[in-house]
Amino acid sequence: MHALRENPYRLFFPIAFFGIVTGLSLMVVPLNAYGMQWHREWMIGLFLLPIMIGFLFTAGPKFYASFPVTWLELVLALLCFLGMAISATLGNELSFALLKLFAISVLLCFLMVRILKRSSGFPIFSPFILGSILLGVIGSMAHVLLAIQIQYPAFDLVSVDRLISLRSACYFTGMFQVLIYGAGMRFFPMMTIVARPGDTAYGKLIGSSKLLWFSVAVLFVLTFILEGSGFAQPALWLRAFIVAFIGIEGWLVFRKFQASGVYPFFVRLVLITAIVAQVIYPLFPGQRVHLYHATFVGIFGMGVLMVAGHVIIAHEKLNLSMRNTSRAFAIALGLLFLALLTRTTAQLTKSYPFHLQMAAICALIGVLLFCGKIGWELWKKHGQVKPQP
């Protein structure tokens, strides 16, 4: 049981697998009102959020040399996801929004306690983690108010359009971009084995300046608040410059990778796609709902799966080389990138619903193959009954 407190991702990553499979399946079956409305809630709230909580419950105590997650924190988070899954199945938006806000609040309290009681430093990506949770709280509060006003029209507190915009910008797109892009400064170079240059004054500044990266994180967070407040165009342009800077100096995506193979190839492909997509968004602001899937499928899908796979492979002491040699990973990630291309261009075709379904099918097969490969390796290592001597 102690192992679950040391490695809580073992509890939350399976929830995320259930969430992404369900969310994608809603777009594979004949499209209906429930699927169109709840697809993104399953994908964000019951895939990305469990990954985020499982990841930070596991890595947070190590980042700050603090104590592991407590049983109370584990149980509260698990109950939130159980309630969210039931609420999503029943289509109860208010209870889903409240439970989601509570789950993010549990994560915030967890991190603040570890930071306050830390016995080591404050990693340069910490402001991104805290900023992402702030966006999650803002977006989730907007969702709660929106659900209240829909269910009880007399409570007309804030413009419905403004609440929808804040929920979309801060929660759906902002929370996880800020987290993944910030924490990616640690994990993406690790997965591709690229060294940060530190032999010049500029290199040392980029690699260690907490003030610099705090400023970048604050500006990054502000772009989503501005977008949600109705200033989308300037926010998108500012974000494009910020993401390019993070990609070049944080992810080191254009430097020579020491590793080669499946993971390095797709990490570079996903990160370059993220940078290019961010430049395209302000050029076609009216197409954001479609174009944002370059981020959703790329960073939120492929990037998160690769990081989660890296965490599992490292913590479970599986064969590290399979990240770069596995054909299953290559096919799975290739299918996910095909889904990205299909979804972002679906609105240009005459058979839009069909392309949505094809994108979902490609993504679903890719997810099942990627997770199936990891599950098979875990079973080979831990699940087989060893013969008695």
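Colleague: If contact means heavy atoms within 4.5 Å, what percentage of contacts in the chain between residues at least 6 apart in sequence join residues at least 24 apart?

Modeller: The model is a predicted one, and its chain has 16 helices and zero strands. Among contacts between residues at least 6 apart in sequence, the share joining residues at least 24 apart is 79%.

Colleague: Why is the chain described as being as compact as a globular protein of that length?

Modeller: For 389 residues the globule rule gives 21 Å. The chain is close to that figure, and is therefore as compact as a globular protein of that length, because its radius of gyration is 20 Å.

Colleague: At which residue does helix α7 bend?

Modeller: Helix α7 covers residues 160–192, and it is largely enclosed by the rest of the structure because 25 of its 33 residues are buried. At its N-terminal end the cap is Ser159, with a side-chain oxygen 3.3 Å from the backbone nitrogen of Asp161. The bend of α7, about 55 degrees, is at Gly184.

Colleague: How far apart are the end C-alpha atoms of helix α5?

Modeller: Asn92 caps the N-terminal end of α5 through a side-chain oxygen 3.4 Å from the backbone nitrogen of Leu94. At 1.5 Å a residue, the 24 residues of α5 should span 34 Å. This agrees with the distance between its end C-alpha atoms, which is 35 Å.

Colleague: Which element has the lowest mean pLDDT?

Modeller: The mean pLDDT of the chain is 92, and 97% of its residues reach 70 or more. Among the elements, the highest mean, 97, belongs to helix α4, and the lowest, 76, to helix α8.

Conventions:
Residues numbered from 1 in each chain as written. Predicted model: local features only at pLDDT ≥ 70, side-chain atom pairs only at ≥ 80, totals over all residues. Heavy atoms only, no water. Helix = DSSP H or I, 4+ residues; strand = E, 2+ residues; numbered from the N terminus. Expected span 1.5 Å × (residues − 1). Polar contact = N/O pair within 3.5 Å; in protein donor to acceptor, adjacent residues only side chain to side chain. pLDDT = per-residue confidence, 0-100. Bend = angle between axes of the 7 residues up to and from the residue. Buried < 20%, exposed > 50% of the residue type's maximum accessible area, 1.4 Å probe, protein only. Rg over C-alpha atoms; globule rule 2.2 N^0.38 Å. Contact = heavy atoms within 4.5 Å.
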